[in-house]
Amino acid sequence: MHLRPIDLVLRAILEVACAAGLVAGGLASASGTLGLLLAVAAPLAAAALWATFRVPRDPGPSPWPIPGSVRLALELVLLG
């Protein structure tokens, strides 16, 4: 799959914003040590989901292939 440079830039911006939002959400949902743990664990869990559940033609290995519609739903949940 070949993506235009502008598509890659937009994708990178969305992924960084997603990670920042998960960190902020973790910090806001609890105080103290629990908030810090959530701020670290939430983006790590999202990255693990993103890397594990891939469509068959994604670049890189696909440990657990899923249909494109399921991947789209996962992305909408993470980016929404």
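Buried means under 20% relative accessible area, exposed over 50%, and partly exposed in between, with a 1.4 Å probe and protein chains only as cover. The structure I present today is a predicted model, in which local features need pLDDT of at least 70 and side-chain atom pairs count only at pLDDT 80 or more, while totals for chains, interfaces and linings use all residues. Residues are numbered from 1 along each chain as its sequence is written, and side-chain values use heavy atoms, with hydrogens and water left out.

I begin with the salt bridges. A salt bridge is a side-chain nitrogen of Lys or Arg within 4 Å of a carboxyl oxygen of Asp or Glu. The structure holds three of them.

One joins Arg-11 to Glu-15, with 3.4 Å between the closest N and O atoms. Both residues belong to helix H1, four residues apart, about one turn of the helix. Helices here are DSSP runs of H or I with at least four residues, strands are runs of E with at least two, and both are numbered from the N terminus. Arg-11 is partly exposed because its relative accessible area is 35%. Glu-15, at 32%, is partly exposed as well.

Another pairs Arg-4 with Asp-7, whose closest N and O atoms are 3.3 Å apart. Arg-4 has a relative accessible area of 52%, so it is exposed, whereas Asp-7 is partly exposed at 28%.

The remaining salt bridge links Glu-75 and Arg-71, at 2.9 Å between the closest N and O atoms. These two residues lie in helix H3, again four residues apart, about one turn of the helix. Glu-75 is partly exposed, with a relative accessible area of 23%, but Arg-71 counts as buried at 6% relative accessibility.

That brings us to helix H3 itself. Which residues of H3 are buried? They are Arg-71, Leu-74 and Leu-78. Seen down the axis of H3, these residues fall within an arc of 60°, so they line one face of the helix; the arc is that of the directions from the helix axis to the C-beta atoms. Their cover includes H1, helix H2 (32-52) and strand S1 (53-54), where contact means heavy atoms within 4.5 Å. On the face turned away from the buried side are the exposed residues Ser-69, Leu-76 and Val-77.

The geometry of H3 can also be checked. The expected span of a helix is 1.5 Å times one less than its number of residues. For the twelve residues of H3 (residues 68-79) this gives 16 Å, and the end C-alpha atoms are 16 Å apart, which agrees.

Next, the surface of H1. Ile-6, Val-9 and Ile-13 form a nonpolar surface patch with about 290 Å² of accessible area together. Patches are made of residues with over 30% relative accessible area and no salt bridge; like charges are joined within 9 Å, and nonpolar side chains (Val, Leu, Ile, Met, Phe, Trp, Tyr) within 5 Å. Accessible areas come from the Shrake-Rupley method with a 1.4 Å probe, and for residues only the protein chains shown count as cover. Ile-6 lies in H1 (residues 5-29) and counts as exposed because its relative accessibility is 55%.

Finally, Ala-30. Its place is in the loop between H1 and H2. Is Ala-30 buried or exposed? Ala-30 is buried, since its relative accessible area is 19%. Leaving aside neighbours within four places in sequence, Ala-30 is in contact with Gly-35 and Leu-38. Ala-30 and Pro-63 are 33 residues apart in sequence, with 33 Å between their C-alpha atoms.
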